[in-house]
Amino acid sequence: MEECGPDATPPDVADKTPRTERGRRTQRAILDAAAAEFGEHGFHEASISGITRRAGVALGSFYTWFDSKDAVFRALVSDMSARVRDHVAPAIRAAPDQIAAERAGLLEFLAFARAHKEIYRIIDESEFVDPDSFRRHYATTAERIEARLRRGAKRGEVIAEVGEVHAWAIMGMNVFLGLRYGVWSTEEDAAGIADTIAAMLARGIGVQESGRGATDKRHPGLEPGSR
């Protein structure tokens, strides 16, 4: 699916992993500054000098950790993906069951998106600046969702047939909910949004008829038992 697994670091980032606390602080400052620079100006208009100025570091310090503007952008996409993962993971792990876990994950993602609106511009631009990073971001996210859904299925908390398609559907839903309620508008109650989605995951949106499952009256062939 992609060269790196869910928790792997792209080679150009791994080769420059800081070995000291000072190095980690400097690299972190550069990545945070890059997020602000790319988020404000976009990849093509952003500059290394703008990043170093925001980070308060010398140009030489930038090149200690990153070879180019492309390299820091790739590292930033990987970093933001990992930050989202680390932000939502504790709430997901603390949830009592799988539907509650998906609700908690969405709620925390909305909070992250509201605090880091630049993530949408950066990830979207990566599709054209570095397609491998773009694909890796979504593919590894879907892999994590699929893995936890399958664990939930083993516990009997979601259907046994849950798999990759369900994972990509949940991820896609969360991405656009984050765009609508995390970037475009933040006035809506995030907990209420998460409750609505949790209910939809738990019960679906089809009308439940007495003695039979959800049906689509416009398409009788989709009725349970018709295949």
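In which handedness of crossing does H5 pass H7? H5 passes H7 in a left-handed crossing, where left-handed means that the near helix is turned anticlockwise from the far one by less than a right angle, and right-handed that it is turned clockwise. This report describes the chain to which these helices belong.

The structure is a predicted model, in which local features need pLDDT of at least 70 and side-chain atom pairs count only at pLDDT 80 or more, while totals for chains, interfaces and linings use all residues. Residues are numbered from 1 along each chain as its sequence is written, and side-chain values use heavy atoms, with hydrogens and water left out.

## The chain as a whole

The chain contains 10 helices and zero strands; helices (H or I, at least four residues) and strands (E, at least two) are DSSP runs, numbered from the N terminus. Along the sequence, the pattern reads α-α-α-α-α-α-α-α-α-α. Of the 227 residues, 42% are buried, a term for under 20% relative accessible area, with exposed meaning over 50% and partly exposed in between (1.4 Å probe, protein chains only). The accessible surface comes to about 12700 Å², and carbon and sulfur atoms account for 53% of that surface; such areas come from the Shrake-Rupley method with a 1.4 Å probe, and for residues only the protein chains shown count as cover. Among contacts (heavy atoms within 4.5 Å) between residues at least 6 apart in sequence, 65% join residues at least 24 apart.

## Helix pairs

Axes are lines fitted to C-alpha atoms, for helices over the stretch in contact, and angles run from 0 to 180 degrees between N-to-C directions.

| Pair | Axis separation | Angle |
|---|---|---|
| H8 (residues 131-154) and H9 (residues 164-184) | within 8 Å | roughly 120° |
| H5 (residues 69-94) and H7 (residues 118-129) | within 10 Å | roughly 130° |
| H6 (residues 98-115) and H10 (residues 190-203) | 9 Å | about 145° |

The angle between H5 and H7 makes them oblique to each other; angles under 35 degrees count as roughly parallel, over 145 as roughly antiparallel, 65 to 115 as roughly perpendicular and the rest as oblique. On the H5 side the contact includes Phe73, Leu76 and Met80, and on the H7 side Ile119, Ile122 and Val129. By class, this contact has nine nonpolar, one polar and two charged residues. Here Ala, Val, Leu, Ile, Met, Phe, Trp, Tyr, Cys and Pro count as nonpolar, Asp, Glu, Lys and Arg as charged, and the others, Gly among them, as polar.

H8 and H9 are likewise oblique to each other, and their crossing is right-handed. Among the residues in this contact are Tyr138, Thr141 and Leu149 of H8, together with Trp168, Met171 and Val175 of H9. The contact of H8 with H9 divides into 10 nonpolar, two polar and three charged residues.

H6 passes H10 in a right-handed crossing. Its contact residues include Leu106, Leu107 and Leu110 of H6, and Ile193, Ile197 and Leu201 of H10. The contact of H6 with H10 holds 12 nonpolar, no polar and four charged residues.

## Two threonines

Thr141 lies in helix H8 and is buried, with a relative accessible area of 18%. Not counting residues up to four places away in sequence, Thr141 touches Ser81 and Met171.

Thr26 belongs to helix H2 (residues 21-45). Leaving aside neighbours within four places in sequence, Thr26 is in contact with Val57, Ser61 and Trp65. Thr26 and Gly56 are 30 residues apart in sequence, and their C-alpha atoms are 9.3 Å apart in space.
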